[in-house]
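User: Hello! I am new to this structure and would like to learn how to read its features. Could you guide me through a few of them?

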Amino acid sequence: MKKKISIITLVMAILLAVGGFTTSTAVSAKNKKVKCLGTYKITAYCGCRSCSGKWGNRTASGRRAKQGRTISVDRRKIKLGTKVRINGKTYVAEDVGGGVRGKHIDMYFSSHSQVKRFGKKYRKVYVVK
């Protein structure tokens, strides 16, 4: 006895065979919005005199530094205003620092004790377009 195959069943079988229902297209589209800059040294700073001198929490971009958002970068590597993803969290390049050169990013924290706890890390850095 022959069974009739509906057009919908046939189309679904073809899409499954060629990967039409996988998330690979969504993932590849998402990856086009992010560009890896490589591994950077990540350090921390705050608005205290020992970290920021006379500048406090004022940034080179004119905004007040905010924990969880502000990073200090080398303008030759990352332009001010650029959104950067580190460990899945997005930051904004709002500041520059005298000791920030090359593949180095300084993250802003609201207290010096947090800066000391953070220390130095090496992480992959991505530009969010």
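This is a predicted model: local features need pLDDT of at least 70, side-chain atom pairs count only at pLDDT 80 or more; totals for chains, interfaces and linings use all residues.

User: Which residue does the side chain of arginine 76 meet in a salt bridge?

Analyst: A salt bridge needs a side-chain nitrogen of Lys or Arg within 4 Å of a carboxyl oxygen of Asp or Glu. Here the partner of arginine 76 is aspartate 74, with 2.9 Å from N to O. Aspartate 74 counts as buried because its relative accessibility is 6%.

User: How many salt bridges are found in the whole structure?

Analyst: The search gives 3. One of them joins arginine 63 to glutamate 94, and the closest N and O atoms are 3.1 Å apart. This pair links distant parts of the chain: arginine 63 is in the loop between helix 3 and strand 2, glutamate 94 is in strand 4, and 31 residues separate them. Arginine 69 also forms a salt bridge with glutamate 94, again with 3.1 Å between the closest N and O atoms. Arg63, Arg69 and Glu94 are therefore linked in a network of salt bridges.

User: What is the nearest side chain of opposite charge to aspartate 95, and how far away is it?

Analyst: That side chain is arginine 75, 7.4 Å away. Aspartate 95 is buried yet has no salt bridge. This residue is found in strand 4, and its contacts beyond four places in sequence include Tyr45, Arg58 and Thr70.

User: How much space lies in the largest pocket?

Analyst: Here is the general idea: rolling a probe the size of a water molecule over the atoms shows where empty space is left. In this structure, the largest pocket holds about 330 Å³. It is lined by 17 residues, and those closest to its centre are Tyr45, Cys51, Asp95, Val96 and Gly97. By class, the lining has 7 nonpolar, 7 polar and 3 charged residues. Strand 1 and helix 3 each supply at least two of the lining residues.

Definitions and conventions
Residues are numbered from 1 along each chain as its sequence is written. Side-chain values use heavy atoms; hydrogens and water are left out. Helices (H or I, at least four residues) and strands (E, at least two) are DSSP runs, numbered from the N terminus. Buried means under 20% relative accessible area, exposed over 50%, partly exposed in between (1.4 Å probe, protein chains only). Lys and Arg count as positive and Asp and Glu as negative; His and the chain ends are not counted. Contact means heavy atoms within 4.5 Å. On a 1 Å grid over the protein atoms alone, a cavity is a set of points where a 1.4 Å probe fits but cannot get out, and a pocket is an open set with protein on both sides within 12 Å along at least five of seven lines; lining residues have an atom within 4 Å of a point. Grid points are joined across faces, edges and corners, and a volume is the space filled by probe spheres set on the points. Ala, Val, Leu, Ile, Met, Phe, Trp, Tyr, Cys and Pro count as nonpolar, Asp, Glu, Lys and Arg as charged, and the others, Gly among them, as polar.
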